[in-house]
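Open the model in your viewer and keep the sequence panel beside it. This tour goes stop by stop: what to select, then what is there.

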Amino acid sequence: MTADPVTRRLLASASFTRCRAVAEVKVRQPVQLQTLLAEVELRAIECEAVRVQPLAVMIDIAAAVVEAFLESGADYDALDAARSARLRLVVAGLEYLVMDHDVIPDDQKHGMVDDLAVVRWVARVASGAEGHPVDELSEFDD
């Protein structure tokens with residue numbers, strides 16, 4: 001199953017592209033990943049929309065991927081292509097979640113709708129339900 005048209009536009013947006021660039025750097029810096037997880041947790045505390053059940057579960061899935069990577073002590077550069085692509089996408093999705101001024105700024109009415117779509121897609125990729133992450137990444141590199 002591929003992303004729906006609206007999610008595809010979000011994933012091709014300048015905001016998500018910036019998040020992917022940030023993720024490229026952060027995946028190699030455990031302290032930065034821990035800081036991101038703390039920012040995600042703070043967002044969940046501060047933002048009622050993030051605590052809503054479906055989104056909260058998806059955020060937990062994405063955060064668990066990052067936590068498992070950190071706890072494993074694995075070297076990012078030693079990961080296979082699929083695992084490193086999944087990790088980068090998850091980190092990019094979490095970056096998008098904590099970004100205030102994304103496609104729909106979070107302080108606007110319904111400002112978390114785009115965050116929900118991105119995090120939902122990232123959680124599906126992380127769980128293997130959305131296809132091979134390397135293929136998914138290449139779709140949005142045009």
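## Stop 1: Lys 26

Select Lys 26. Leaving aside neighbours within four places in sequence, Lys 26 is in contact with Gln 32, Leu 33, Leu 36, Val 91 and Glu 95. Contact means heavy atoms within 4.5 Å. Lys 26 lies in helix H2, residues 14-26. Helices (H or I, at least four residues) and strands (E, at least two) are DSSP runs, numbered from the N terminus. Is Lys 26 buried or exposed? At 11% relative accessibility, Lys 26 counts as buried. Buried means under 20% relative accessible area, exposed over 50%, and partly exposed in between, with a 1.4 Å probe and protein chains only. Now set a distance from Lys 26 to Leu 36. Their C-alpha atoms are separated by 8.9 Å, and the two residues are 10 apart along the chain.

A note on what you are looking at. This is a predicted model, in which local features need pLDDT of at least 70 and side-chain atom pairs count only at pLDDT 80 or more, while totals for chains, interfaces and linings use all residues. Residues are numbered from 1 along each chain as its sequence is written, and side-chain values use heavy atoms, with hydrogens and water left out.

## Stop 2: the whole chain

Zoom out and colour by secondary structure. The chain has 7 helices and 0 strands. From the N terminus on, the elements run α-α-α-α-α-α-α. Of the 142 residues in the chain, 46% are buried. Take the contacts between residues at least 6 apart in sequence: 70% of these join residues at least 24 apart.

## Stop 3: Phe 69

Select Phe 69, in helix H4. Its relative accessibility is 6%, so Phe 69 counts as buried. Show its surroundings. Not counting residues up to four places away in sequence, Phe 69 touches Val 27, Leu 33, Ala 74, Tyr 76, Leu 79, Arg 83 and Leu 87. Pick out Leu 33 from that group. Phe 69 and Leu 33 are 36 residues apart in sequence, and their C-alpha atoms are 9.8 Å apart in space.

## Stop 4: the largest pocket

Leu 37, Val 40, Glu 41, Ala 44, Val 50, Arg 51, Ala 56, Ile 59, Asp 60, Ala 63 and Glu 67 line the largest pocket. On a 1 Å grid over the protein atoms alone, a pocket is an open set of points with protein on both sides within 12 Å along at least five of seven lines, and lining residues have an atom within 4 Å of a point. The volume of the largest pocket is about 170 Å³. Grid points are joined across faces, edges and corners, and a volume is the space filled by probe spheres set on the points.

Which helix gives the most to the lining? H4 does, with 5 residues. Helix H3 (30-46) and helix H4 (53-72) each supply at least two residues. Colour the lining by class: 7 residues are nonpolar, none is polar and 4 are charged. Here Ala, Val, Leu, Ile, Met, Phe, Trp, Tyr, Cys and Pro count as nonpolar, Asp, Glu, Lys and Arg as charged, and the others, Gly among them, as polar.

## Stop 5: the cysteines

Select Cys 19 and Cys 47. Cys 19 is buried, with a relative accessible area of 1%. Cys 47 also counts as buried, at 17%. How many disulfides does a search of the whole structure find? The count is 0, where a disulfide is a pair of cysteine sulfur atoms within 2.5 Å.

## Stop 6: His 110 and helix H6

Go to His 110, in the loop between helix H5 (81-98) and H6. Its phi is near 65°, a positive value in a residue other than glycine. At 55% relative accessibility, His 110 counts as exposed.

Next, select H6, residues 113-126. The end C-alpha atoms of H6 are 20 Å apart, which agrees with the 20 Å that its 14 residues should span at 1.5 Å a residue. That expected span is 1.5 Å times one less than the number of residues. In H6, 10 of the 14 residues are buried, so this helix is largely enclosed by the rest of the structure. Among the buried ones are Asp 114, Asp 115 and Trp 121.

## Stop 7: Val 6

Finish at Val 6, in helix H1, residues 5-11. Val 6 is partly exposed, at 48% relative accessible area. Draw a distance to Asp 114. The two C-alpha atoms are separated by 9.0 Å, with Val 6 and Asp 114 lying 108 residues apart along the chain.

Technical notes
On a 1 Å grid over the protein atoms alone, a cavity is a set of points where a 1.4 Å probe fits but cannot get out, and a pocket is an open set with protein on both sides within 12 Å along at least five of seven lines; lining residues have an atom within 4 Å of a point.
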